[in-house]
Amino acid sequence: MIAITKMLTGEATVSRHLTYKSDEKIPKKLVDASKRPIPVVVWNSTLKCNLKCIHCYANAGSKSEELSTEEAIAFIDDLASMGVPVLLFSGGEPLLRHDIFELAAHASKRIACSLSTNGTLITPEIAEKLKNAGFSYIGVSIDGLEETNDRFRGVKGAFKRAFEGLMNAKDAGMMTGIRFTVTKYNLKDVPAVVDMLAENEIPRFCLYHLVPSGRASFEDDI
């Protein structure tokens with residue numbers, strides 16, 4: 001991942017708040033972590049997904065391989081005991097887990113929780129539930145403008161629903177950002193997506209390298 005906002009502004013704005021919960025210029029925990037690195041954990045909590053993305057490294061779909069609620073809670077407790085500062089719920093599409101709000105509410109008591117989602121399921125009601133469950137950041141995957149994104153996602157209308165989901169999360173008062181996986185098919189859309197982000201006052205843009213596994217391959221890379 002390349003945090004473009006950090007490169008442009010010189011400050012890790014959203015990530016600093018999520019990880020270190022501090023508005024100081026150089027948080028003490030940041031200094032401590034540089035001496036003793038503490039991992040941020042990305043958890044592919046499910047392989048279920050409602051889209052068919054051509055670049056999905058997890059080859060997600062209708063598969064249902066995932067930890068039970070009890071196993072997931074034990075896993076979260078292990079992470080908390082290790083001092084992990086941030087847990088990023090990913091997938092597949094994590095909102096397809098029936099217990100996602102229960103798990104986040106449990107985790108957020110001890111770990112800052114973020115969500116990596118395709119955004120298509122975030123209605124205003126779901127956005128409020130995400131906020132109440134303790135999610136402090138919602139990252140929505142958008143990989144181009146409408147035509148490009150929908151081709152990437154394998155579902156017509158995915159762009160519109162993802163953008164609506166992003167704005168619903170923002171309107172609910174959560175920090176938000178766009179997650180963009182760059183490939184040779186959508187490289188041309190990067191400036192326009194950044195403009196869209198700025199126009200809608202979305203504070204974070206993360207550019208991801210392609211992971212050549214699952215449904216993606218080196219042939220798709222830039």
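1. The largest nonpolar core has 43 residues, of which Leu87, Phe89, Leu130, Phe135 and Ile138 touch the most other members. A nonpolar core here is a set of buried Ala, Val, Leu, Ile, Met, Phe, Trp, Tyr and Cys residues joined through side-chain atoms within 4.5 Å; buried means under 20% relative accessible area, exposed over 50%, and partly exposed in between (1.4 Å probe, protein chains only).

2. The model is predicted: local features need pLDDT of at least 70, side-chain atom pairs count only at pLDDT 80 or more, and totals for chains, interfaces and linings use all residues. Residues are numbered from 1 along each chain as its sequence is written, and side-chain values use heavy atoms, without hydrogens and water.

3. Leu87 touches (heavy atoms within 4.5 Å) Val41, Trp43, Ile76, Leu79, Ala107, Ile111, Ala112, Cys113 and Ser114, not counting residues up to four places away in sequence. Another core, of 8 residues, lies apart from the largest one and includes Cys49, Ala58, Ala60 and Ala158.

4. Helices (H or I, at least four residues) and strands (E, at least two) are DSSP runs, numbered from the N terminus. In helix H4 (residues 69-81), Thr69, Ala72, Ile76, Leu79 and Ala80 are buried. They lie on the same side of H4 because they cover an arc of only 100° around the axis, taken from the directions from the helix axis to the C-beta atoms. These buried residues pack against strand E2 (41-44), strand E3 (86-90) and helix H5 (100-107). Glu70 and Ser81, on the other side of H4, are exposed.

5. Just after H4, Gly83 has a positive phi of about 80°.
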